[in-house]
There are 2 protein chains.
Amino acid sequence: MGQRAEVREVGLRDGLQLVKTVLSTEQKLEWCRRAAAAGMPEVEVTSFVPAKVVPQFVDADAVARGAVAMGGFVAAALVPNLRGAERAFETGVAKVNYVLSASEAHNLANVRRSTQESLDDFVRIVARRDEVAKGRSLIGAGIATAFGCTISGVVSEKRVVAIAEQLARAGADEIIVADTVGYGNPGQVERLVRAVVRAVGDVPVACHFHDTRGLGLANVVAALAAGVHRFDASLGGLGGCPFAPGATGNIDTEDCVFLLESLGYDTGIDIEALVKLRETVEGWLPGERFSGAIARAGLPKTFRAPVETAA
Amino acid sequence: MGQRAEVREVGLRDGLQLVKTVLSTEQKLEWCRRAAAAGMPEVEVTSFVPAKVVPQFVDADAVARGAVAMGGFVAAALVPNLRGAERAFETGVAKVNYVLSASEAHNLANVRRSTQESLDDFVRIVARRDEVAKGRSLIGAGIATAFGCTISGVVSEKRVVAIAEQLARAGADEIIVADTVGYGNPGQVERLVRAVVRAVGDVPVACHFHDTRGLGLANVVAALAAGVHRFDASLGGLGGCPFAPGATGNIDTEDCVFLLESLGYDTGIDIEALVKLRETVEGWLPGERFSGAIARAGLPKTFRAPVETAA
């Protein structure tokens, strides 16, 4: 058995926030159920943004409660601010993911406040969790545009590391380094993620990559080299960002699991079950762009076969 | 200026062997001319397979002679056997690429002979080159299905290394390790390619990856780590293999150049010029599948920008 690596489904949140079709609560819960049944340890099931901003998430409470009731996996929810976090804690989700942007311009476009104001809000969210959900809900802290920004270009690596340190000190249970706009390359990922891992001590680090420029899976390999074993991914590569022009989806869940298993990591995830689930979700979302190679090409005959090495 | 890395266009050969449209000689030569003008150091311009096997290459002599006459880049041609090599030498191409399969079953399907018979043929090709084109034509030796085979599954790494040694000893000027069917993963690539590099001494090693299962660019990064700086790629990811069911195209030239330049390597290639050339070639080949992320998403704002690192 190889070393453990974790792939977490974010398609229900990152994937759904830009699609034309609003899925029913039942469809969303079927997606959760089947992702968990395929072995996914954690699913980001919804987002507690105001429904007037993203109508797709009008049923956030019902989806979160439904997912929590299923059990068997970590039901996580994204929150943009303290109000969203309070709603999330009420549903009993096991994890609340808060995101801010390292790029000031992107943070302003996304949540209309400065990065520092978002950091201050994080402190309040942790305090609120300690009042109402201590020992029940973990808090993940995401750093968006960590590898560059479509609005402001280069993002200082020192700044990303400093933000990660502040989030860890403020009580984050996990730091999620996110390439929101698909600007990262493997050299940069290995360097910056290694610096973040070093800076945050015992707090686990996860990576969230988009495959906008084809480097998503190469960036996963680079993050592994930097000591990260937790990755966000979206079924069929669904996703994008409303404030990141040209941004395409997250790395593809099936392909990411295939990569990790091929490298000898144990994800506990059944790729064939994911491919079937993907077919169902594609049927629900006509006209959306789904990417991913394994769903098209199938697993290689050599998958998991013992190899006679030259050494 | 970074370390040099070489990306060679193989779309005119690997890309065209399965498409429905037969391009005119003039179109093929325009492709060569513009690839060279974009800075590509080497272009595999055609294949000397019998025209009754692949009608696309009925004009192989004219394309090869036309490309040689242009100058300014290494015009290479694929050859399947001694007869093809003799035709290629007559055109004056600067490089002849001979390919055999490490998988016995794939070699039989591809050229109807055993791998050993193909190795014996290679010896005759080198001897023939020494008679008619010594000092004028280099000989590249490709090892197809080096990372696994759609027909026979696992390919022994010991066997691949032994074949590479034999080819080097027989006089190959370059060994090309090829993942013909897109089975390779970065761990396997780094391990096997490192073993090949070690085995062949001073003979340079190149890699030829297909992106069938999404790992093509991650495999490039792994090959760099193993000491390889020469990569085959195809404009728009065009390509496949007639005897590799489900195989999609080579890694995409534009994306491969983007990756290498992002990592700080100097390819000497103008990505924007490649994207324009790709648009032209897409216009010539209606109904074909073109892949690639840079042509869709554009270069990041941060491309080649100085980075303020955390270190």
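User: Which element of chain A do the buried residues of α8(B) pack against?

Analyst: Within chain B, the buried residues of α8(B) pack against α7, β6 (174-179), β7 (205-209) and α9. Here "buried" takes 20 or more other C-beta atoms within 10 Å of a residue's own, "exposed" takes 12 or fewer, and "partly exposed" is in between, with C-beta atoms placed from the backbone. Helices (H or I, at least four residues) and strands (E, at least two) are DSSP runs numbered from the N terminus. The packing also takes in an element of chain A, namely α9 (216-225).

User: Before we go on, what kind of model is this?

Analyst: Residues are numbered from 1 along each chain as its sequence is written, with chains lettered from A and ligands numbered from 1 in the order in which they are written. Local features need pLDDT of at least 70, side-chain atom pairs count only at pLDDT 80 or more, and totals for chains, interfaces and linings use all residues, since the model is predicted.

User: Which residues of α8(B) are buried?

Analyst: α8(B) covers residues 186-199, and just after the helix Gly201(B) takes a positive phi of about 65 degrees. Within the helix, the buried ones are Pro186(B), Gln188(B), Val189(B), Glu190(B), Leu192(B), Val193(B), Val196(B) and Val197(B).

User: How far apart are the end C-alpha atoms of α8(B)?

Analyst: The expected span is 1.5 Å times one less than the number of residues. α8(B) has 14 residues, so the helix should span 20 Å. The model agrees, with end C-alpha atoms that are apart by 20 Å.

User: Which helix gives the most to the side of chain B that touches chain A?

Analyst: The contact takes 44 residues from chain B and 44 from chain A, and two residues are in contact if their C-beta atoms, placed from the backbone, lie within 7 Å. On the chain B side, α7 (157-169), α8 (186-199), α9 (216-225), α10 (253-262) and α12 (294-297) each supply at least two residues. The helix giving the most, with 5 residues, is α8(B).

User: How many residues on the side of chain B that touches chain A are nonpolar?

Analyst: Ala, Val, Leu, Ile, Met, Phe, Trp, Tyr, Cys and Pro count as nonpolar, Asp, Glu, Lys and Arg as charged, and the others, Gly among them, as polar. That side has 7 charged and 16 polar residues. The nonpolar ones number 21.

User: What kind of axis relates the two copies?

Analyst: Copies are superposed by least squares on the C-alpha atoms of residues with pLDDT of at least 70 in both. A rotation of 180 degrees, with 0.0 Å of shift along its axis, puts chain B on chain A at an RMSD of 0.0 Å. The two copies are thus related as by a two-fold rotation axis.

User: Which residue of chain B comes closest to the rotation axis?

Analyst: Both copies use the same surface, and 100% of the contact residues of chain B recur in chain A. The C-alpha that comes closest to the axis lies at 2.0 Å, and it belongs to Ala218(B).

User: Is β6(B) enclosed or open?

Analyst: Glu174(B), Ile176(B) and Ala178(B) point one way from β6(B), while Ile175(B), Val177(B) and Asp179(B) point the other way, and all are buried. Strands pair if DSSP finds at least two bridges between them, and β5(B) pairs with β6(B) in the parallel sense over 4 bridges. In β6(B), Val177(B) is the bridge partner of Ile143(B). With 6 of its 6 residues buried, the strand is therefore largely enclosed.

User: How many residues has the largest nonpolar core?

Analyst: A nonpolar core is a set of buried Ala, Val, Leu, Ile, Met, Phe, Trp, Tyr and Cys residues joined through C-beta atoms within 7 Å. Ile143(A), Ile175(A), Ile143(B) and Ile175(B) have the most contacts inside the largest one. Leaving aside neighbours within four places in sequence, the contacts of Ile175(A) include Ala141(A), Ile143(A) and Val196(A). The residue count of this core is 202.

User: Is Thr145(B) buried or exposed?

Analyst: Thr145(B) sits in the loop between β5 (138-144) and α7 of chain B. Phi there is near 50 degrees, a positive value in a residue other than glycine. With 29 other C-beta atoms within 10 Å, Thr145(B) is buried.

User: And Arg112(A), buried or exposed?

Analyst: Arg112(A) is in the loop between α5 (104-111) and α6 (115-132) of chain A, with a positive phi of about 55 degrees although it is not a glycine. It has 9 other C-beta atoms within 10 Å, so Arg112(A) is exposed.
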